[in-house]
Amino acid sequence: MEFFKINENIVELAKRVETNLVDEFNRIDETSLYNESKVLRAFLDNRVSEIHFNGTTGYGYNDLGRDVLDKVYSQVFGAEDAIVRHNFVSGTHALSVALFGILRPKDKLMSVTGKPYDTIQKVIGIEQSTDNGSLLDYGVEYGEIGLLEDGNVDFDNIKKTNWKEIRVAYIQRSRGYSSRAPLSLEQIKDICDTIHNCNKNTIVFVDNCYGEFVCRDEPTGVGADLIVGSLIKNPGGGIANTGGYIAGRRDLIELCSYRLTAPGIGREVGCTLGQNKNMYMGLFLAPSVVSNALKISAFSRVLFEKLGYVVFPNNGEVISDIISVLQLDSEEALIAFCEGIQSGSPVDSFVVPQPWDMPGYKEKVIMAAGTFTSGASIEISADAPLKEPYNVYLQGGLTYNSGKICVLLALQRMCDKGVIKSKFLN
Ligand SMILES: *Cc1c(COP(=O)(O)O)cnc(C)c1O
């Protein structure tokens with residue numbers, strides 16, 4: 001391989017892996033064609049023009065670019081309405097605005113996919129005794145239907161639940177940082193149908209982080225009332241500098257807009273400071289970038305499976321987010337892998353990631369992230385808590401080839417350090 005010192009055996013193995021992936025790559029390309037067409041159609045129908053890239057300041061009244069971007073997102077996600085803003089500081093912030101926007105004291109919130117993502121637990125107030133302004137502090141009740149042993153959705157319990165008493169049903173689509181499978185669009189549709197059959201007014205809310213453009217549809221197209229995501233993940237296409245979106249029912253988007261700014265003001269204000277162009281361009285590129293990330297994910301999974309490692313998603317499991325999980329069996333392997341990913345990243349390739357005591361985690365965590373946008377996980381990145389079974393969560397990659405090189409450098413690093421399982425490469 002030109003420009004990189006990668007062992008011949010590894011290069012040969014990579015070629016064989018790619019031969020095995022022809023069908024899967026074709027499927028990914030077909031989905032990308034569909035989603036790129038959908039996005040382009042929305043740009044055309046909404047007459048996106050250079051004027052929409054002009055930034056506003058101050059109150060940002062009549063920011064055309066902001067209002068048209070909301071319409072483009074609505075069309076792409078098959079939703080009645082959307083708010084897309086650089087003002088959302090993260091995915092958690094967008095999720096928090098949406099939950100606070102639609103829930104009122106004494107309302108009930110019920111998760112149907114077990115414990116939500118770490119940062120959302122604090123928003124809800126799970127296991128949080130201090131007064132930090134969580135939903136719990138405001139008198140919102142929380143309940144949870146756990147996942148089954150095998151990681152599947154507990155439909156029996158969902159069917160038995162009296163949804164007439166519950167305002168919001170919460171679904172997390174992605175695996176997040178756990179080894180459970182992500183939810184397919186079919187499963188999300190089943191959940192929406194079951195709940196709406198019992199009470200059409202229960203709001204089905206989906207944390208859509210990492211899921212955008214992985215499939216042809218989005219949860220809003222199969223019955224979800226509200227979806228939320230981050231622009232430094234899939235829909236920002238690696239171009240958006242920051243931000244998030246909320247899409248779904250018009251009345252709910254209006255409620256969320258009052259929480260985003262202030263009651264009575266809503267979406268009418270909010271200057272865009274020149275961020276619009278990046279958000280448009282990011283959305284335009286997103287289906288293609290997501291397809292590259294999916295190919296890198298598939299490549300690394302098949303590669304490590306061939307070397308004898310357990311990987312997720314594995315045979316037959318649905319692919320509904322961009323994350324792959326590699327079970328590397330030892331701390332040394334995990335560290336070598338992350339060092340290798342960092343060494344092949346376009347930014348900060350020369351730094352060596354160190355395990356550290358990350359707030360909110362019991363074990364040390366090691367992270368590789370050499371990204372243009374700080375913390376962007378649509379760019380290639382790897383995270384791993386230092387605990388058994390030594391899972392590394394790999395996601396993103398703006399281009400397939402650069403991502404592939406990165407993964408091969410990670411494997412090379414494991415070989416150099418003698419922490420690889422397979423004899424085949426020694
Ligand atoms: C990334 C992510 C979030 C939000 O995380 P931020 O770091 O706040 O952007 C929420 N839920 C899931 C499943 C995620 O993957």
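These legends guide you through several close-up views of a predicted model.

View 1. If you set aside its neighbours within four places in sequence, Phe304 touches Tyr309, Val311, Leu326, Leu328, Phe337, Val407, Leu411 and Met414.

**View 2. The buried side of helix H8.** Helix H8 spans residues 250-260, and here Leu252, Ile253, Cys256, Ser257 and Leu260 are buried. Where do they sit around the axis of H8? They are on the same side of H8, because they cover an arc of only 145 degrees. Among the elements that cover these buried residues of H8 are helix H4 (91-102) and the strands S1 (81-85), S5 (203-207), S6 (226-230) and S7 (244-248).

View 3. Glu24 belongs to helix H2 (residues 22-45) and Arg301 to helix H9, so the pair ties together parts that are 277 residues apart in sequence. Are these two partners buried or exposed? Both Glu24 and Arg301 are buried.

View 4. Asp81 and Arg267 meet through their side chains in a salt bridge, with 2.8 Å from N to O. Because Asp81 lies in strand S1 and Arg267 in the loop between H8 and H9, the pair ties together parts that are 186 residues apart in sequence. Asp81 counts as buried, with 11% relative accessibility, while Arg267 is partly exposed at 23%.

**View 5. Glu339 of helix H10 meets Arg413 of helix H11**. The side chains of Glu339 and Arg413 form a salt bridge, 3.3 Å from N to O. With Glu339 in helix H10 and Arg413 in helix H11 (residues 400-416), the bridge ties together parts that are 74 residues apart in sequence. Glu339 is buried, at 9% relative accessibility, whereas Arg413 is partly exposed, at 27%.

View 6. Let's start with the prolines. Phe312 and Pro313 are joined by a cis peptide bond with an omega of about -10 degrees, and Pro313 sits in the loop between strand S8 (310-312) and strand S9 (324-327). The bond from Glu388 to Pro389 is also cis, with omega near 0 degrees; Pro389 is in the loop between strand S11 (381-385) and strand S12 (391-395). Now turn to two aspartates. Asp329, in the loop between S9 and helix H10 (331-343), has a positive phi near 70 degrees although it is not a glycine. Asp348, in the loop between H10 and strand S10 (365-369), has a positive phi of about 60 degrees. Asp329 is partly exposed, at 38% relative accessible area, and Asp348 is partly exposed at 36%.

**View 7. A nonpolar patch on the surface.** Met1, Phe3 and Phe4 make up this patch, and together they have about 360 Å² of accessible area. Phe4 is in the segment before helix H1 (8-20) and is partly exposed, with a relative accessible area of 35%.

Key
Residues numbered from 1 in each chain as written. Predicted model: local features only at pLDDT ≥ 70, side-chain atom pairs only at ≥ 80, totals over all residues. Heavy atoms only, no water. Patch = residues over 30% accessible without salt bridge, like charges linked within 9 Å, V, L, I, M, F, W, Y side chains within 5 Å. Areas by Shrake-Rupley, 256 points an atom, 1.4 Å probe, with all protein chains shown as cover. Salt bridge = Lys/Arg side-chain N within 4 Å of Asp/Glu carboxyl O. Helix = DSSP H or I, 4+ residues; strand = E, 2+ residues; numbered from the N terminus. Buried < 20%, exposed > 50% of the residue type's maximum accessible area, 1.4 Å probe, protein only. Arc of directions from axis to C-beta. Contact = heavy atoms within 4.5 Å.
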